[in-house]
Amino acid sequence: MPHTHDPHAWLEGLDDPAVTAWVTRQNAATRARLDADPRFAPLSAEVLATLRDTRQIPFFSEHEGWLYNFHQDEAHPRGIYRKTTLAAYREGLNDWQIVLDVDALADTLELDAYLDSVAHCTLRPQRVLVTLSIGGADASVTVEYDLAEQTLVDGGFHFPEGKNHIGWRDPDSVFVCPAWDERQTTRAGYPREAWLLERGQSMAEATPIYQADEDAMMVAAWRFLDGDAAPVDMIEVSDSFYAKTYYLIDAELEVSALPLPPRADVEAYLHGDLVVSLADDWTWQGDTFAAGTLLVLKLAELAEGRGRAQCLLVPSERQAVEAVESTLNYIVVNLLDNVQSRLVAFERGADGWRERPVNAPHHGVIEFTDQPWATDQLCYSHSDFLEPAGLYRLDLSDPAGQPDVLRRQPAAFNASPYLAEQWHARAPDGTEIPYFVVRRRDAPLDGSMPTLLYGYGGFEVPMLPHYVDNFGPQWLEKGGAFAVACIRGGGEFGPAWHQAAQGANRQVGFDDFIAIADDLIARGLSSPAKLAIEGGSNGGLLVGAALTQRPELFKAVVCEVPLLDMLRYTELLAGASWIDEYGDPSDPAERAALAAYSPYHRLSANVAYPLTLFTTSARDDRVHPGHARKMVARMNELGHAALLLETDAGGHTGNAGQEQTAEELARVLVYLYQQLMD
């Protein structure tokens, strides 16, 4: 709601013609500066061609021998869902059969919709729940579709727009956590109820299972399938962003809470065992386990409050569990080791789970892809800053087996003149902060290198060495260097690394990021006249804080879908769900900590700021576009130039057509060229 002491609060309006007119003027000014640049049109075309390159890896999900892939091209701007066989895929044959046309489905439903997800019913995979994002927003509609008949299921499951959570229970029932009516939602706008809906029932006839308090964050329900064993139904209640309670659902749809600690995550379920990761120390049955540990507990015993936990993996100080996957018989952990991926597998023996070797890379980035159900085939991708992604399939039942290379992404540029290194900066409190640098081997250390420093630093999300497919030809080959910050607040080294910059300690992460910028300058790679920073969402808050605290360090700032008004963020869209991460501005002590760094409130008329590019989306229903709008208005009010680019579609994650994606990246690159290279 507008506050009288904030003259720009009116820009929080989402359906106000005056706001639309103001945004239109800002967009016109930004596009006049960037789109008119002779580099913009060809650059946008090059990026679009890369996005549409048929040699890119078509990642897939596998069901009953068919590989399913989502694909966009010029003829299908919203995309198609298609299938092929594994044999055809291995041979690189373009032998795809279209089973769902998203453009046609959106037209049928009369929606400006983009594909969010396709959820196959595991036991009847021709039936899918298609979730469509409206204009790229988080809110979506879900419909049941028959891939064999290529049509909406007559009388099938169909749910209205909301930030819903819908999941298959079996071929004829779904768990529904609705959010299409504010009476169903938490304060943060997410579901607070769980229902079981049988085929043929209306929601009025569905069975209620659970309702959380409206001050909780979110409720989700799902079914674990465990080979031929009985399935397990579970509810996850996010009491806050990090504190959770897990409930078992029995055959009578009664729920019972599992005695897990609040800051624990259920990662997998296999052979009757739960795999659980800890964010805090936990004592269970006389044994104490450190934060970051991965445990295995027998579900039946845990539900009765008994049984011992087996310690599966205890990461060291410079390690973190990035992800956990299960196959028919194995648990596989993607372990970050000094911000490099490696896989660790476990098999079950007579005395519990034991580690066994995995033939997979021990560097770069490994990411699990969708796994075929009820097999021991593990699918994953691997890349590094200068190594294009490859898609691999590994048979875990063969200890000596080698990964099968299914596809490789084509190289976007000649990587031989460049190298990627891990450097370290020293934070004000003495902590060594790692960061990656990608540069020419012969880069002069005289401060002349245009350098882009990217960061995030929140929600325990790590920054990893992904392949620089667009930034290779469009930045490195243009004479730039690229750096990625691994600051506290992220997940590079587990829960402690995150918690060091959480809540009232947020400034620690900003200090880490600024220390990296200082280090890049001190080493002579760059200089304030050649240094740019970029970040989105929480990373937008990060670069907004750096902009207002050390503006003299930077020549360019790209601040994307950002949080910037930290005294109002809890009142805007999903902001209330992040109190665990940032603190509560309604609490006087926490408000003081937020006010100390809130970028919107730190702006001053007497400081010189670099020309900053702020981006947002009118369809962003996660981080309110008012953050970016108000920041630009405040800077203009104080006599500072700033650029705003607000799109009509794409939402928080940029889920829109490929043309818009290409244009947005091209504008960012043109802005960086103008600021650092011209």
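Guide: Two strands count as paired if DSSP finds at least two bridges between them. Strands (E, at least two residues) and helices (H or I, at least four residues) are DSSP runs, numbered from the N terminus. The model is predicted: local features need pLDDT of at least 70, side-chain atom pairs count only at pLDDT 80 or more, and totals for chains, interfaces and linings use all residues. Residues are numbered from 1 along each chain as its sequence is written, and side-chain values use heavy atoms, without hydrogens and water.

Visitor: Over how many bridges do E7 and strand E9 pair?

Guide: E9 spans residues 158–162 and runs antiparallel to E7. Within E9, His-158 is the bridge partner of Val-143. The number of bridges between E7 and E9 is three.

Visitor: Which residue in the turn between E7 and E8 has a positive phi?

Guide: E8 (residues 151–152) pairs with E7 in the antiparallel sense over two bridges, and Asp-146 stands opposite Thr-151 there. The two strands form a hairpin with four residues between them. The turn residue with a positive phi, of about 55°, is Gln-150.

Visitor: How many residues of strand E7 are buried?

Guide: Buried means under 20% relative accessible area, exposed means over 50%, and partly exposed lies in between, with a 1.4 Å probe and protein chains only. On one side of E7, Ser-140, Thr-142, Glu-144 and Asp-146 are buried, as are Val-141, Val-143 and Tyr-145 on the other. For E7 (residues 140–146), the buried count is seven of seven.

Visitor: Which strands stand at the edges of the open sheet of four strands?

Guide: The strand order is E1-E2-E3-E4, with antiparallel pairing. Two of these strands, at 61–63 and 97–101, have a single partner each, so one side of each is left without a neighbour in the sheet; they are E1 and E4.

Visitor: What angle does the direction of helix H4 make with that of E3?

Guide: E3 (residues 76–85) runs antiparallel to E2 (residues 66–73), joined by seven bridges, with Thr-84 in E3 as the bridge partner of Leu-67. H4 (residues 102–109) packs on the sheet and touches E2, E3 and E4, where contact means heavy atoms within 4.5 Å. Axes are lines fitted to C-alpha atoms, for helices over the stretch in contact, and angles between N-to-C directions run from 0 to 180 degrees. The angle between H4 and E3 is about 125°.
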